[in-house]
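Please show how the features of a structural model are to be read.

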Amino acid sequence: MEIKVKLFATLRENRGKEVSLELKEGATAEDALKKLEIPKKEVAILMINGRDDDPGKELKSGDLLSIFPPVGGG
Amino acid sequence: MNHSQRYKRQVRLPEIGNPGQEKISRAKVLVVGTGALGCAALSYLAPAGIGTIGILDNDAVEESNLHRQILFATRDIDKPKPLAATERLRAVNPDIKLIPHFLRLSADNALDLFKDYDLILECSDNFPTKFLVNDACVMLNMPCIIGSAIGFSGQLSVYNYQGGPTYRCLLPEPPDPLLMPTCADAGVMGMIPGIIGNLQALEAIKIITRKGDVLSGRLLHFEGLEGNFMEIPLALNPENKRITRLVEYELSCPDLLLKKHLIGGKDFLNRLQDPEKYTIVAIGEDEEPLKIKNHSWSPVPLHKVPELIQTIPRGKKILLICEYGIKSNEAIKYLLVKEKFRRAFGLKDGLSALRILA
């Protein structure tokens with residue numbers, strides 16, 4: 001299945017702001033993070049289809065994943 | 001005091017009026033951090049007539065601040081930031097009380113400092129301070145407006161407002177400092193903290209005058225390159241309200257520590273004369289030796305540093321070098337924070353800057 005991932009702030013570096021990911025059926029948001037090589041510690045907010053959700057939840061084809069890192073500068 | 005001229009345009013707003021202006025003039029606001037966010041927020045809070053403003057920072061103005069820290073002029077370089085900001089704002093609005101706090105916020109002084117204020121604007125550039133401010137505000141049951149910015153992105157929210165979520169509802173614990181880029185590493189476009197700092201000031205006015213929908217329970221995230229604002233809902237985890245003591249995260253703040261462990265080019269050349277005392281570690285990703293004058297070192301890649309360090313006796317001082325000072329900075333942070341290796345020093349800006357000097 002294919003899902004869409006929107007990345008924000010510093011997570012865009014070397015990855016771009018939007019990517020399509022091909023995942024196995026039954027894959028979770030955590031699997032998507034692994035594929036993108038984003039350590040869990042670098043994720044502050046993870047939304048599935050615009051809603052805060054459990055990263056262990058199974059994804060469906062066409063889902064939109066939004067990932068925000070912690071932002072601490074100023 | 002007759003404010004009829006100075007505040008005329010904002011008093012004219014039905015949401016403000018004379019009662020609102022009265023509330024603004026009685027308000028006591030502390031701005032923690034006088035960097036880019038703090039400068040932006042202060043430059044609107046003071047003119048709006050906030051009666052008492054505390055200005056806190058433990059840093060002095062540096063030239064590299066001036067592209068975004070808009071309260072400071074070139075002549076302010078080396079001045080303590082709270083004093084330079086106070087001077088500037090006093091000229092803008094002599095009717096308000098400005099209190100400079102030239103100190104580092106810590107677990108020991110936060111509660112004492114905060115209790116003289118109604119509201120905290122958290123404008124620092126690091127996670128340890130954001131967590132300290134949040135925790136102190138939870139303990140004192142007062143709201144805080146926490147902003148942040150990096151690159152072309154920024155975000156803010158009001159925390160601990162009328163039973164709403166706290167900063168720990170966004171991030172339960174401070175992120176690993178070695179994983180997190182800072183503005184010093186990643187860079188920042190000055191307008192971004194400018195925009196976020198202004199929004200923090202606006203939220204302060206809304207809270208003080210009790211008007212509008214305060215940005216609580218939602219994080220406002222701005223992507224500057226796209227020109228997009230996004231709202232992310234935040235929910236309260238009641239566990240995060242149970243804070244009974246403040247934790248010091250200083251060790252997790254490598255940028256503050258790092259500064260004390262960097263040496264300039266001349267100092268470095270002097271220390272090279274004393275090879276007994278120092279173990280030089282050159283860092284580079286290719287095999288090309290690093291050279292300066294008649295010295296030459298074969299580099300080790302950054303990821304080999306943890307391994308290498310086990311072979312160096314603890315008492316020995318380490319001098320880290322690389323081409324541009326970026327990799328050696330990362331290695332020092334690692335040695336200070338993870339290995340508690342207190343005697344690691346690095347060459348500021350690397351050998352490339354030293355060549356200009358030599």
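**Domains, helices and strands**

Q: Into which domains is chain B divided?

A: Chain B is split into domain 1 (8–241) and domain 2 (255–357), with bounds taken from an automatic or database domain assignment. Their C-alpha centres are 36 Å apart. This is a predicted model: local features need pLDDT of at least 70, side-chain atom pairs count only at pLDDT 80 or more, and totals for chains, interfaces and linings use all residues. Residues are numbered from 1 along each chain as its sequence is written, chains are lettered from A and ligands numbered from 1 in the order in which they are written, and side-chain values use heavy atoms, without hydrogens and water.

Q: How is a pair of packed helices described?

A: Two packed helices are described by the angle and the distance between their axes. The axes of helix 2 (residues 17–26) and helix 9 (residues 191–209) of chain B come within 9 Å and cross at roughly 110°. Helix 2 of chain B is therefore roughly perpendicular to helix 9 of chain B (65 to 115 degrees). Axes are lines fitted to C-alpha atoms, for helices over the stretch in contact, with angles from 0 to 180 degrees between N-to-C directions; helices are DSSP runs of H or I, at least four residues, and strands runs of E, at least two, numbered from the N terminus.

Q: Which residues make the contact?

A: With contact meaning heavy atoms within 4.5 Å, B:G20, B:K23 and B:I24 of helix 2 of chain B meet B:I205, B:I208 and B:T209 of helix 9 of chain B.

Q: What is the strand order of the open sheet in chain A?

A: Two strands pair if DSSP finds at least two bridges between them. The five strands of this open sheet have the order 2-1-5-3-4, with mixed pairing. Strand 2 (18–22) and strand 4 (51–52) of chain A stand at the edges, each with a single partner strand, so one side of each lacks a neighbour in the sheet.

Conventions. Angles under 35 degrees count as roughly parallel, over 145 as roughly antiparallel, 65 to 115 as roughly perpendicular and the rest as oblique.
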